[in-house]
Amino acid sequence: MTVAVIALAAAGCGKSSTESGGGSDKSSSGYSGKGIGLAYDIGGKGDQSFNDAAYSGFEKADKEFKIGGRDVEPQDGESDADKVQRLDQLAKSGYNPIIGVGFVYAPAVKQVAAKYPKVTFGIIDDDTVQAKNVADLVFHEEQASYLAGVAAAKTTKKNHIGFIGGVDIPLIHKFEAGFVQGAKSVDPKIKIESQYLTQTPQEGGFSSPDKGENAANGQIDTGADVIYQAAGLSGQGVIKAAAEHKVWAIGVDSDQYEQSALAKYKDYILGSALKNVGGAVYELTKSVVEGKPLTGEVRGDLASGGVGFADSNPKYRAMKDVVAAVDKAKQDIIDGKVTVATK
């Protein structure tokens, strides 16, 4: 089952990066909202990862349903009150659905959804907000990360790989847990470096490419030759460092091999652990437009296509034994032969 998410920010409470006016007679479908409201997480649009994945779903839904919409950037160091004001303004302006991109929106979604019971809200990466008009759009990130671990362990020449997480929180622990389990399924004795950039999101763990680059340089210096990052915008620094040292990086959330901003590094992007955030945003929007809004927990996994492993790099596809191992691991998880740990 895929999910849909959208969220948006108001004037004076974050920069509005896009406003689409739509173009169809919305009444023909019974939809009467002003369009999709999408509010970005830390790092904002242009992270080539999590937020951009959400925007791809926003674009697809706008193109298909022609309902318009607005997406809004976060402010540096903003508070929950800023997020509440942003979502409140979107709801007051008539946007529906309204999606908060990231677990940091949980308090705001809970508060604003209660105030606007006829508006559908979505929140990505959080399952704690339980209301009749809220869809919790969540994923089995550990499953995609397991595949990344298998790919890394099959590719390394030194039996030495690395993981870099943006922030030391349970969500990112899932990425690490899956990666470690997948790698050890190939070689129980493999050496795995593990590092978190910051303890809290406010310290910039998801939005500081320099932190990612420094961490990757450190892991490469100790001998790691494949590094998997789950660090949002900071991951761009990890990929840069890997490319400069001619070792492999593994991307996250979006297919980072295909991201134009990372084009000069793409030969060193082995693959990416995918999370279909865009599909979640699209599906939530579709459900609202059709008058049957998704609510409750909507969780994407390997079986549903909600998570996966991108094979866009021809160099990866040429490694037939690696591809075969990843494909087998995927099928074993779908068949229930392998259960992936979350911590």
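Setting aside neighbours within four places in sequence, Glu 213 makes contact with Gly 237, Val 238, Lys 240, Ala 241 and Glu 244 in this predicted model. Glu 213 itself sits in helix 6, the stretch covering residues 209-221. With a relative accessible area of 19%, Glu 213 counts as buried, because the cut-off for that label is under 20%.

Val 109 is another buried residue, and here the relative accessible area comes down to 0%. Once residues up to four places away in sequence are left out, Val 109 still touches Leu 87, Phe 121, Gly 122, Ile 123, Val 129 and Val 134. Phe 163 is another story: it lies 54 residues from Val 109 along the chain, and the C-alpha atoms of the two are separated by 31 Å.

Next come the nonpolar cores. The largest one takes in 66 residues, and Ile 124, Ile 172 and Tyr 228 have the most contacts inside it. Helix 4, residues 141-155, is the top contributor to this core, giving eight residues. In soluble globular proteins, nonpolar side chains tend to be buried together.

As for confidence, the protein averages a pLDDT of 91, and 92% of the residues score at least 70. Residues 1-15 are where pLDDT stays under 50. For that stretch, the model has 102 contacts beyond four places in sequence.

How values were computed:
Residues numbered from 1 in each chain as written. Predicted model: local features only at pLDDT ≥ 70, side-chain atom pairs only at ≥ 80, totals over all residues. Heavy atoms only, no water. pLDDT = per-residue confidence, 0-100. Contact = heavy atoms within 4.5 Å. Buried < 20%, exposed > 50% of the residue type's maximum accessible area, 1.4 Å probe, protein only. Helix = DSSP H or I, 4+ residues; strand = E, 2+ residues; numbered from the N terminus. Core = buried A, V, L, I, M, F, W, Y, C linked by side-chain atoms within 4.5 Å.
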